[in-house]
Amino acid sequence: MANLSQVCRLTYACLHSPACRVQTFRTYKLSSRQLASAAYLRAARRASPTIRHCRTQNRTLASSSASVAPSSNYMESLPELVPLKILFGNPEKTSPNVSPDGKSLAFLAPSEDRDVLNVWVRPINSEKAKMVTKDELRGIRQFSWSEDSQYIMYLQDVGGDENFHLYLQPLDGKSAKDLTDFEGVRAQNLVTDKHYPEEVLVGLNKRNPQIFDMYRVKLETGEMTLDTENPGDVLGWLTDAKFQIRGAIAMNPTDGSTTFRTRETPDSEWKELMIWPQEENGGPVAFTKDGKSVYVQSSLGYDTTRLLQVDAVTAEEQKVIAFSDKTDIGRVMMNDDTREVEAVSFNYLRREWNILDPALAEDFKQLEKVEDAEFSVVSETADQRTWIVTFSKDDGPSASYIYSRDTKKADFLFVTQPALTKYKLSSMSCEVIKARDGLELPAYLSLPVSANLKASGGLPMVLNVHGGPWARDAWGFRPDTQWFANRGYAVLQVNFRGSTGFGKSFLHAGDKGWGVGPMQDDLTDAVQWAVDQGIADPKKIAIYGGSYGGYACLAGMCFTPDLYACGVDVVGPSHISTLFQSIPSYWAPMKKQLVHRVGDVENDQELNERISPFYHADKIKAPLLIGQGANDPRVKQAEADQIFNAMKEKGVSAEYYLYKDEGHGFARPPNKFDFYSRVEQFLAKHLGGRSEPLLNVEDSSVVVMHEQ
């Protein structure tokens with residue numbers, strides 16, 4: 001029951017969607033992410049910062065917060081530099097996906113001649129693999145098996161424009177067929193069902209660029225027929241056990257509420273089953289096998305979401321399946337045949353599983369013995385007896401295994417980036433920081449290997465701000481975190497209010513808190529916590545981020561100009577009104593929710609000027625570096641141009657690098673190498689960390705708008 005329709009309604013929720021992320025889209029093991037809500041009243045007084053740990057810390061805190069620059073001996077004591085091309089290059093292998101019949105394994109790996117990610121396929125019991133796709137430029141990052149095991153399906157756009165097309169790739173390596181060959185049309189909401197392997201459902205905005213109708217496509221012939229027409233407000237769809245669309249997730253453009261509609265048959269009228277006001281968090285997960293009930297996630301009456309079973313006609317609550325008082329529902333594992341929930345995860349600081357099916361308990365127990373890491377079932381055979389399991393840790397690349405539920409044996413497949421295993425990498429500790437009003441902020445701290453804070457008196461630090469803002473940071477391996485730490489910087493990642501997964505109060509505490517509000521205050525308070533704890537040198541702190549994180553960088557440089565020694569803005573908006581005016585047309589149904597959460601910047605010029613860095617460029621004191629993709633459909637190039645030109649008019653300079661064949665983030669390795677090498681030199685100059693010599697990357701599309 002591979003169903004992306006459950007998550008399509010969140011396309012807009014995260015302005016930041018790293019272009020370099022690789023994934024398969026057979027997502028039956030994952031629940032939808034949540035849209036949380038409800039007001040959080042902030043106390044007026046400032047609370048003293050506190051700290052809690054979720055793992056043993058291997059650091060010594062300084063006895064005072066006095067600033068002492070890192071000594072040359074400190075930098076000399078750090079482990080060997082990890083080359084940028086190893087940190088940010090293509091993985092050797094990644095995204096393993098077993099075929100439904102269990103005979104083959106597909107994975108992503110670079111082409112031998114061009115170093116571009118493509119899909120490779122091998123027999124399940126053989127190491128001999130063949131590249132079956134032929135991408136020569138951008139690389140494939142989203143793929144899956146067809147349910148009959150005869151094809152590879154993948155999504156690809158052009159230059160980061162996010163107008164994805166759905167391709168069908170034969171296993172013999174012949175040319176792929178574009179199943180959605182329409183100019184300027186985006187494919188999303190892909191749904192497959194193993195019981196109906198000859199067809200798929202896919203959403204296309206070819207009738208109206210703002211909305212996605214659902215089409216049924218015959219894989220063998222490519223024949224496409226309209227299955228369900230979108231009335232204009234539907235963002236996602238839900239199929240039943242007969243592979244019929246019986247659920248629709250709609251957003252009210254006038255008040256931002258979410259409505260779940262159901263129908264008894266494809267010919268029946270839609271009826272409203274449940275409504276979540278914009279301050280609430282909820283949505284459907286799946287129909288039960290008999291179609292008489294629906295699993296939903298809902299925060300109605302509670303702060304965090306609960307996983308419920310409700311009547312598909314009356315919405316009467318039949319059963320509470322799982323909940324946590326601390327976090328929203330995370331991943332949901334379901335049985336494709338019985339359509340019963342097997343396990344549910346929760347993630348405050350680290351992932352924890354609530355196992356509901358006793359048959360899974362022994363499997364999970366055995367997997368816990370394989371590696372000391374968090375594991376995820378990323379793929380399974382149609383009979384659900386063979387799993388592909390990926391183990392993720394904080395201080396090294398992920399490892400994947402093929403696991404037999406019959407023998408309880410896990411056989412090693414590969415490590416994504418084996419070259420990284422030769423280097424000493426940093427661990428990530430879990431922290432809880434109190435903001436000035438007492439709100440607890442889940443956060444993660446990574447220190448350079450062998451860092452001794454008592455001896456150093458405080459390290460140069462990078463505050464790495466996540467995008468979204470309606471997303472979250474989580475524990476685990478990240479190339480950028482390891483990059484910063486390896487270069488000698490402490491790295492702090494904070495789930496500021498407005499981040500998702502921590503309940504509706506936490507999320508809506510960030511409403512209308514951009515720039516000069518509590519969302520930015522949380523970042524300021526986290527920096528102060530790091531200084532007070534003796535972790536950070538207050539004179540050597542950088543703010544770095546992509547998308548909303550890029551905005552937070554600009555806001556920090558403008559509104560707290562003495563706090564940061566420098567900043568790096570990657571695809572960040574600078575003028576919030578023009579951001580709203582230029583969002584993709586298919587975000588239109590979600591526009592009201594954006595207004596609820598950010599403010600009506602298009603009709604309130606005072607608010608727009610107050611929170612848009614564009615109007616405060618003259619306040620920037622510290623050096624700034626800007627990176628932008630020319631084809632970004634979310635945060636358009638104009639956002640980078642505006643802040644750069646505004647600074648220039650005020651006599652304030654910045655480094656600005658534009659990548660002509662990139663979108664919302666950088667996907668092509670040559671562009672990543674070029675950009676990160678420039679950032680590395682920039683940080684070394686202003687924070688005093690380590691760096692490789694500047695790379696000369698011939699195949700990058702960079703246009704140097706201004707360089708210092």
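Three bridges join strand S23 to strand S24 (residues 341–347), and the two strands run antiparallel. Within this pairing, Val332 has Val344 of S24 as its bridge partner. The structure is a predicted model. S23 and S24 belong to an open sheet of three strands, ordered S23-S24-S25, with antiparallel pairing. S23 (332–334) and S25 (351–355) form the edges. Each has a single partner strand, so one side of each is left without a neighbour in the sheet. From one strand to the next, the twist averages 20°. Helix H4 (residues 358–367) lies across S23, S24 and S25. H4 runs at about 145° to S25.

The loop between S23 and S24 contains Arg339. Arg339 is not a glycine, yet its phi is positive, near 55°. Its relative accessibility is 3%, so Arg339 counts as buried. A second case is Gln384, in the loop between strand S26 (374–380) and strand S27 (386–392). Gln384 has a positive phi of about 65° and is likewise not a glycine. Gln384 is buried, with a relative accessible area of 5%. Most residues other than glycine have a negative phi, and most peptide bonds are trans.

A cis peptide bond occurs between Gly468 and Pro469, with omega at about 5°. Pro469 sits in the loop between S32 and helix H6 (479–486).

S32 is part of another open sheet, this one of nine strands. The order is S30-S31-S33-S32-S34-S35-S36-S37-S38, and the pairing is mixed. The edges are S30 (428–434) and S38 (702–706). Each of these edge strands has a single partner, so one side of each is left without a neighbour in the sheet. Here the twist averages 20° from one strand to the next. Strand S34 (residues 536–546) pairs with strand S35 (residues 566–570) in the parallel sense, over five bridges. Tyr544 has Val568 in S35 as its bridge partner. Helix H14 (residues 669–687) lies across S32 (459–465), S34, S35, S36 (624–629), S37 (655–659) and S38. H14 runs at about 165° to S35.

The average pLDDT is 90, and 89% of the residues score at least 70. Over residues 1–53, pLDDT stays under 50. The model has 228 contacts beyond four places in sequence for this stretch. Residues 55–69 also have a pLDDT below 50, with 40 contacts beyond near neighbours in sequence. Where pLDDT is low, the predicted coordinates should not be read in detail.

Conventions: Residues numbered from 1 in each chain as written. Predicted model: local features only at pLDDT ≥ 70, side-chain atom pairs only at ≥ 80, totals over all residues. Heavy atoms only, no water. pLDDT = per-residue confidence, 0-100. Contact = heavy atoms within 4.5 Å. Pairing = 2+ DSSP bridges. Helix = DSSP H or I, 4+ residues; strand = E, 2+ residues; numbered from the N terminus. Axes fitted to C-alpha atoms, helices over the stretch in contact; angles between N-to-C directions. Buried < 20%, exposed > 50% of the residue type's maximum accessible area, 1.4 Å probe, protein only.
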